Amino acid sequence: STCLLALFFTVILGFFIAEISLLIYFYLKEDVFRSVLAYGVDQTVREKYVNATIPAKIWDHVQIQLSCCGSEGPQDWAKSKFNGFQEAREIGIGSTKPLPYFIPDSCCGTNSSEC
């Protein structure tokens, strides 16, 4: 029927206009979304990545698919729970020398024991 075809066309056109509007909105607010995304990724690396958990498996998959490691690079893993890092809460004399740290196998792109 002509009425149903017009309704279908109107709904499809509405979805298309909504997609274009969202695209423009995301483009104009890119800096906000980029900072929110960077914060979320950093929190995942530092706090939520623990072996054999769902966030760890998802993050491993993301790192393998995108060939990336951490938020900004492998150094992000130095201050993560994955390495047993805990924020020092007391005032004291400490070393500023970075300690050795491990990175997940997914940072290497392939699962290897030498990474």
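Reply: Accessible areas here come from the Shrake-Rupley method with a 1.4 Å probe, and for residues only the protein chains shown count as cover. On that basis the accessible surface of the protein chain comes to about 9,500 Å², of which 64% belongs to carbon and sulfur atoms. The model is predicted: local features need pLDDT of at least 70, side-chain atom pairs count only at pLDDT 80 or more, and totals for chains, interfaces and linings use all residues. Residues are numbered from 1 along each chain as its sequence is written, and side-chain values use heavy atoms, with hydrogens and water left out.

Me: What does the secondary structure of the protein chain come to?

Reply: The protein chain has three helices and zero strands, in the pattern α-α-α along the sequence. Helices (H or I, at least four residues) and strands (E, at least two) are DSSP runs, numbered from the N terminus.

Me: And how much of the protein chain counts as buried?

Reply: Of its 115 residues, 14% count as buried. Buried means under 20% relative accessible area, exposed over 50%, and partly exposed in between (1.4 Å probe, protein chains only).

Me: What share of the contacts is between residues 24 or more positions apart?

Reply: Such pairs account for 53% of the contacts in the protein chain with a separation of 6 or more. Contact means heavy atoms within 4.5 Å.

Me: Let us turn to α2. How many residues does it have, and how far does it reach?

Reply: Helix α2 (residues 30–48) has 19 residues and reaches 25 Å from its first C-alpha to its last, close to the 27 Å expected at 1.5 Å a residue. The expected span is 1.5 Å times one less than the number of residues.

Me: Which residues in α2 are buried?

Reply: Val41, Thr44 and Val45 are buried in α2. They lie on the same side of α2, because they cover an arc of only 90° around the axis; the arc is that of the directions from the helix axis to the C-beta atoms. What covers the buried residues of α2 includes α3.

Me: What is on the face turned away from that buried side?

Reply: That face of α2 carries the exposed residues Asp31, Val36 and Tyr39.

Me: Where is Ser80, and what is it in contact with?

Reply: Ser80 is in the segment after α3, and is buried, with a relative accessible area of 0%. Leaving aside neighbours within four places in sequence, Ser80 is in contact with Val45, Arg46 and Phe85.

Me: Now the cysteines. How many disulfides does a search of the whole structure find?

Reply: The search finds one disulfide, a disulfide being a pair of cysteine sulfur atoms within 2.5 Å. It joins Cys69 to Cys107, with S to S at 2.0 Å. Cys69 lies in the segment after α3 (54–66) and so does Cys107, so the pair ties together parts that are 38 residues apart in sequence.

Me: Why is the disulfide right-handed?

Reply: Because the torsion about the S-S bond of Cys69 and Cys107 is about 85°.

Me: Buried or exposed, those two?

Reply: Cys69 counts as buried at 12% relative accessibility, and Cys107 is buried with a relative accessible area of 16%.

Me: What about Cys68?

Reply: Cys68 is in no disulfide; the nearest cysteine sulfur, that of Cys69, is 7.4 Å away. At 24% relative accessibility, Cys68 counts as partly exposed. Cys3, by contrast, is exposed, with a relative accessible area of 61%.
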